[in-house]
Amino acid sequence: VDEPGTKTPPLSPDNPTIFTEEVVDGRTKIVVSCLDGAGQYVREATTDVKYLISLYVTFTTLTTVGYGDITMRTTPELLFGIVMMALGASTFAVIVGNMAALLGKLDIRATAFKERMEDLDDFMHQENLPLDLRFRTRAFFEYGYNHSRDIPTSIGELSTSLRTEVALHLYSDLITTVPFFKDCGKNFLTEVILRLRGQTLSPGDYLYE
């Protein structure tokens, strides 16, 4: 700090930083000036500008847009850069979120089964079931998922003709193998099919003992 009555050191590359005194509102303030690349001394930025620069660097780092070869130098440029990075990051997050939601809805049944298996794995791990029992339990549910032919409850809302066609398409091959049902009409077979209750058995299980 320059003492009263002394002169400010000469400006030169050998003296890149200088400290001068200024009286502002009756108070003495130390002003720092640094030598820039053009060989000129630039005064220290104000507190507001420092805060804005810190905010710009924070946004640039968090959004990972990179610092680039062209940097913001003026206050309007810093404000514009911060706003654009915030809008760009928000837009990108919304687009990615919507795409993830759309992909998740492509196969709702598979998503529900995956969540069910995750709950099952947590249960078996918590109860410390033997590995063989865990494997057979998972195999049971996976076999039922891959070979399930359950009729959804919404089929009851269809018209009689559509309900008959859907039911016969799903189970006519099984029903007609029973001699008693071979000569029955379509409407009767449809009512029988709609009252069936499915039961899944994994390979090796006993159906009746």
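This is a predicted model: local features need pLDDT of at least 70, side-chain atom pairs count only at pLDDT 80 or more; totals for chains, interfaces and linings use all residues.

Biologist: How many salt bridges does the structure hold?

Modeller: Three. Two of them involve Arg 138: one with Asp 121, at 2.8 Å from N to O, and one with Glu 142, at 3.1 Å from N to O.

Biologist: Where do Arg 138 and Asp 121 sit in the chain?

Modeller: Arg 138 is in helix 4 (residues 131-147) and Asp 121 is in helix 3 (residues 108-127).

Biologist: Why would residues four places apart point the same way?

Modeller: An α-helix has 3.6 residues a turn, so residues three or four places apart point the same way.

Biologist: OK, what about exposure? Is Arg 138 buried, partly exposed or exposed?

Modeller: Arg 138 counts as partly exposed, because its relative accessibility is 26% and the buried label needs under 20%. Asp 121 is partly exposed too, at 31%, and Glu 142 is partly exposed with a relative accessible area of 31%.

Biologist: Which residue does Asp 132 form a salt bridge with?

Modeller: Arg 136, with the closest N and O atoms 3.1 Å apart. Asp 132 and Arg 136 both lie in helix 4, four residues apart, or about one turn. Arg 136 counts as partly exposed, at 49% relative accessibility.

Biologist: Switching topic: which residues of helix 6 are buried?

Modeller: Helix 6 covers residues 186-194, and its buried residues are Leu 189, Thr 190, Val 192 and Ile 193.

Biologist: Why do you say the buried residues line one face of helix 6?

Modeller: Looking down the axis of helix 6, you'd see its buried residues fall within an arc of 165°, so they line one face of the helix.

Biologist: What do the buried residues of helix 6 pack against?

Modeller: Helix 5, which is residues 160-175.

How values were computed: Residues are numbered from 1 along each chain as its sequence is written. Side-chain values use heavy atoms; hydrogens and water are left out. Buried means under 20% relative accessible area, exposed over 50%, partly exposed in between (1.4 Å probe, protein chains only). Helices (H or I, at least four residues) and strands (E, at least two) are DSSP runs, numbered from the N terminus. The arc is that of the directions from the helix axis to the C-beta atoms. Contact means heavy atoms within 4.5 Å. A salt bridge is a side-chain nitrogen of Lys or Arg within 4 Å of a carboxyl oxygen of Asp or Glu.
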